[in-house]
Amino acid sequence: MYQVYVISNTDKPLMPTVRFGKVRRMLKSGRAIVISRKPFTIKLLYDTPEIVQSLTLGIDPGTNNIGVAVRREDRVAVFFGELETRTLFNSGFQPSLESSLNIMLLF
């Protein structure tokens with residue numbers, strides 16, 4: 001899901017929006033300007049109340065993956081993702097471990 005990040009005219013971050021039509025109309029009428037294209041961020045040129053939602057970050061550390069979720073107070077997920085971790089013992093590491101054990105057995 002794509003979002004447009006919003007910055008107030010006092011340079012404080014506001015909640016992102018998915019209302020692309022409203023963003024397009026604000027840009028066309030001159031009420032906002034584009035700050036960044038990746039990620040797409042606009043800056044409002046008019047005064048707004050700086051109301052933001054309280055969010056909760058959840059992290060689930062697993063063995064192979066790390067799950068991340070951000071949710072609002074009403075338990076609706078705002079963002080969720082999964083990070084894949086690298087494995088320490090890959091197939092290329094095993095032969096050197098076996099050769100080390102063989103060397104230790106010789107002594």
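1. Start with one pair of residues. T56 has R71 as its bridge partner in strand 6. This is a predicted model, so please read every point below as a description of a prediction.

2. Strand 5 and strand 6 (residues 65-71) run antiparallel, and six bridges join them. The link between these two strands is a hairpin, and three residues carry the chain through it.

3. How many residues of strand 5 are buried? The number is zero, out of six, so strand 5 lies largely in the open.

4. Stay with R71 for a moment. R71 is also in contact with A77, and so is V70, when A77's neighbours within four places in sequence are left aside. A77 is found in strand 7, which covers residues 77-84. Is A77 buried or partly exposed? The relative accessible area is 43%, so A77 is partly exposed.

5. Four strands form it, in the order 2-1-4-3, and the pairing is mixed. Strand 2 (13-17) and strand 3 (32-37) stand at the edges. Each has a single partner strand, so one side of each is left without a neighbour in the sheet. From one strand to the next, the twist averages 25°.

6. Look at a parallel pair in this sheet. Strand 1 (residues 4-7) and strand 4 (residues 40-44) pair in the parallel sense, over three bridges. Within this part of the fold, I7 stands opposite K43 in strand 4. Helix 1 (residues 20-29) packs on the sheet. This helix touches strand 1, strand 2, strand 3 and strand 4, and its direction makes about 55° with that of strand 4.

7. K43 deserves a careful look. K43 lies in strand 4. Is K43 buried or exposed? Its relative accessibility is 18%, so K43 counts as buried; the cut-off for buried is under 20%. The side chain of K43 makes a polar contact with the side chain of D11, at 2.9 Å. Beyond four places in sequence, K43 is in contact with I7, S8, N9, D11, R31, A32, I33 and I35.

8. Finish with Y46. Where is Y46 found? Y46 sits in the loop between strand 4 and strand 5 (56-61). Y46 is partly exposed, with a relative accessible area of 26%. Not counting residues up to four places away in sequence, Y46 touches N9, M26 and R31.

Technical notes. Residues are numbered from 1 along each chain as its sequence is written. This is a predicted model: local features need pLDDT of at least 70, side-chain atom pairs count only at pLDDT 80 or more; totals for chains, interfaces and linings use all residues. Side-chain values use heavy atoms; hydrogens and water are left out. Two strands pair if DSSP finds at least two bridges between them. Axes are lines fitted to C-alpha atoms, for helices over the stretch in contact, and angles run from 0 to 180 degrees between N-to-C directions. Contact means heavy atoms within 4.5 Å. Buried means under 20% relative accessible area, exposed over 50%, partly exposed in between (1.4 Å probe, protein chains only). A polar contact is a pair of N or O atoms within 3.5 Å; within protein, one must be able to donate a hydrogen and the other to accept it, and residues adjacent in sequence count only if both atoms are side-chain atoms.
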